Amino acid sequence: MKLIRGGKDYFELLLSLIRQATETIHLQTYIYTEDETGLLVADALKAAAKRNVQVYLLADGYASQNLSKKFIESLQQAGVHFRFFEPLLKSRYYYFGRRMHQKIFVADGRCALTGGLNIANRYNDMPGIPSWLDFAMFVEGEVARQLCILCWKTWNGFPVKMALTPCDEKQSLFDFTNQESSIVRMRRNDWVRRKNEISTTYFEMLRHAQSHITIICSYFLPGKIIRRLLKKAAKRGVKIKVIIAGPSDVMVAKYAERWMYDWLLRNKIELYEYQPTVLHAKLAVCDSEWFTIGSYNINNISAYASIELNLDVRDAIMASEMEKTLEEIIKNNCVAITAEEQIHTKNIFIQFIRWSAYQFIRIAFYLLTFYFKQRRQ
């Protein structure tokens, strides 16, 4: 098990694992872009298919809708099984329903990558352009087999009556020493499947933390329950640090976040804005003992409107190393947000814009993505 920082390190590992696969490959992603990085990964997948590896590529039908017909046909002609994840309601003019926001790669049911990275140039280090900040976990063993089973079920649309998947049937032996092993659990959010596990992980972390929590999150807009738990944790002396985006690819989300700064600062929560590039990471580490990492952002879209996947890892050595990495990011790449600074960045007009953005994010996505679909089931 290993924490992988996004950019060149991630894509070099991904390509290496694709080249080493001998039986099956599952790649499921929210965004797949037909750029240099996307073409590089596609070429590796096609090469794997041509050497008789069964390759399954599932991309979200909304976020990856700009993939060209020519690109998809080239994959299929090479033997890659390609499919879009589709919502319940879709036409040429609208797309209502949950989106597949999870990012999973599994090779041979034995090793896997999962985290926040999509397949696009902005997640890779390009000449003269550093990648967005993101992280993934490389895992081997039983948890990789469980991820493989999930990929098969997602690929097949979770049929009511489904025979065992190939990863269920395959008897794999994993021989790891105690030093090489960690306690890991797979966590999912998917309201159609009645899964709310990642949200529950954050509830548990905030309720039971003894000393400190560090969160790094893009689009940080906690709902009522998490806000209440943040407040209670800080009140009982838990030191909470939150690293959030400085530059953002979704400005309405950034304005909405800044509307919450006053509340967070009043409740003794330390805030840091990451400066070098767009922040896209999603993880939290607690008490130097355990952490959660994956695709889940702390907001109502991830909680209620998307399919998300995280891994919870209980490993004190890895948790401590992760805390050290985040402290280095704070020290070298972040600007601290203080109450004094906040006073100088706002006026009535700016606060109205921030409040409006917050209300739009909080309400509009719920109505359009969640409630509209629920009424038609």
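**Figure 1. The largest nonpolar core of the predicted model has 44 residues.** A nonpolar core is a set of buried Ala, Val, Leu, Ile, Met, Phe, Trp, Tyr and Cys residues joined through side-chain atoms within 4.5 Å; buried means under 20% relative accessible area with a 1.4 Å probe, protein chains only. Ile 216, Ile 243, Phe 291 and Leu 326 have the most contacts inside this core. Helix α4 (residues 142-155) gives the most to the core, with 9 residues; helices are DSSP runs of H or I, at least four residues, numbered from the N terminus.

**Figure 2. Ile 216 and the residues that Ile 216 touches.** Leaving aside residues up to four places away in sequence, Ile 216 is in contact with Leu 133, Ile 243, Leu 279, Ala 281, Lys 282, Leu 283 and Leu 326. Contact means heavy atoms within 4.5 Å.

**Figure 3. Helices α2 (residues 36-50) and α3 (residues 69-77).** Their axes, lines fitted to C-alpha atoms over the stretch in contact, come within 9 Å and cross at roughly 25 degrees. The angle runs from 0 to 180 degrees between N-to-C directions. Angles under 35 degrees count as roughly parallel, and α2 and α3 are therefore roughly parallel to each other.

**Notes.** Residues are numbered from 1 along each chain as its sequence is written, and side-chain values use heavy atoms, without hydrogens and water. In this predicted model, local features need pLDDT of at least 70 and side-chain atom pairs count only at pLDDT 80 or more, while totals for chains, interfaces and linings use all residues.

How values were computed
Buried < 20%, exposed > 50% of the residue type's maximum accessible area, 1.4 Å probe, protein only. Helix = DSSP H or I, 4+ residues; strand = E, 2+ residues; numbered from the N terminus. Parallel < 35°, antiparallel > 145°, perpendicular 65-115°, else oblique.
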